[in-house]
Amino acid sequence: MSSTPDIQPPSVAGQHQPDPGGRRRRPKPVGVRLALFGMALVAVSLIGAVAGTAIGPDVVIVAEAPPPIGEGVVTAAEGYRLVLLRDVLDPAAPQVQFAIEDQDGRRVQRFTPVHERLLHLIVVSRDLTSFHHVHPKLDRKGQWTIDLPTLAAGSYRAIADFQVEDGARLALGSDLVVPGDQRIGHLPEPTNVSKVDGYDVELHTIERRGGEVEATLTVRRDGRPVTDLQPYLGANGHLIALRTGDLAYSHVHPTDDGPGKRPVAPTDGSVHFDATLTSAGRYALFFDFRHGGVVHTASFTFDQGAVVGAAEMEH
């Protein structure tokens, strides 16, 4: 499949795309809470427009963002709502258009960057076998727009992760439909190795009391560790976790990075994350990393066992 600027491909297909810097290319809503640690923002200078999918005006990240409220399982929170302009997409040329509105129905136009972007949009199929991480363009009227690659017929969830300027950081979700004959997929059984674009990515986890999980992802190529991973969105990698069933969402930053720190390529090709999964069940994990100017996405199925002694926890 040809590369598409700033669009994450379906992870299970092992495809890739270009990124803006190279050649290219889961707090407390329903029931049990998913909380993931390790979220940190990195101070950066100006961010230029992305080829083909500009993100609006240049932005500067100057502070660490709070964890998002909503987890993508609610459409509205803290007085803000995700409003889709249409919820049925053209399968051949799907385009997502939406706005963030306040409680008076006014479109929000000012946002604080998170992970070097004004807004992250996740479009994922309900069966978690199709995944796209994209960065829409914001126009002067407060409308966000993004073109997606061809999508298979089925039901999808759109999750917008953003922070309102001088306001809340939110992860709001709404459903999308692509018409046609739908084939329901299933997540593969858990394995600790994901193959993508000629890379082998190994997932190693240590599970502790209270649902704490230490996750290490090691990138190898031709059997050797990749020692020159490149920064992507201000970090050596990004991990997105989605819980099966309600699709509760978290966007996790590596523990190796932090506010004001420039990512340094790991000499062993490993990127480390700390997470707390407070409910037993199955999760889909999507790991973005950049190498050779190209962003790749490795996907995993992870089963969290019985959680003992877990408390309500913050990201």
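Modeller: Two rings of Phe, Tyr or Trp (its six-membered ring) pair if their centres lie within 6.5 Å, and a pair counts as stacked with planes under 30 degrees apart, edge-to-face over 60 and tilted for the rest. This is a predicted model, in which local features need pLDDT of at least 70 and side-chain atom pairs count only at pLDDT 80 or more, while totals for chains, interfaces and linings use all residues. Residues are numbered from 1 along each chain as its sequence is written, and side-chain values use heavy atoms, with hydrogens and water left out.

Biologist: Which residues form one aromatic cluster with Phe98 and Trp144?

Modeller: Phe111 and Phe162 make an edge-to-face pair, with 5.8 Å centre to centre and 85° between the planes. That pair links distant parts of the chain, since Phe111 is in strand S6 (residues 111–112) and Phe162 in strand S11 (residues 154–164), strands being DSSP runs of E, at least two residues long. The residues that form one aromatic cluster with Phe98 and Trp144 are Phe111 and Phe162.

Biologist: Is the pair of Phe287 and Phe289 stacked or edge-to-face?

Modeller: Phe287 counts as buried because its relative accessibility is 0%, where buried means under 20%, exposed over 50% and partly exposed in between (1.4 Å probe, protein chains only). Phe289, also at 0% relative accessibility, therefore counts as buried. With 5.5 Å centre to centre and 25° between the planes, the pair of Phe287 and Phe289 is stacked.

Biologist: In the open sheet of 5 strands, which residue in S10 does Gln97 stand opposite?

Modeller: The order of this sheet is S3-S4-S5-S10-S9, with antiparallel pairing, where two strands pair if DSSP finds at least two bridges between them. Strand S3 (76–77) and strand S9 (137–138) are the edge strands, each pairing on one side only. Strand S5 (residues 95–102) runs antiparallel to strand S10 (residues 144–147), and 4 bridges join them. The residue in S10 opposite Gln97 is Thr145.

Biologist: Which residue's backbone nitrogen does the side chain of Asp246 reach?

Modeller: Asp246 is found in the loop between strand S17 (238–243) and strand S18 (249–252), and it counts as partly exposed because its relative accessibility is 26%. The C-alpha atoms of Asp246 and Glu71 are separated by 9.6 Å, although these residues are 175 residues apart along the chain. At 3.1 Å, the backbone nitrogen that the side chain of Asp246 reaches is that of Ala248.

Technical notes:
Polar contact = N/O pair within 3.5 Å; in protein donor to acceptor, adjacent residues only side chain to side chain.
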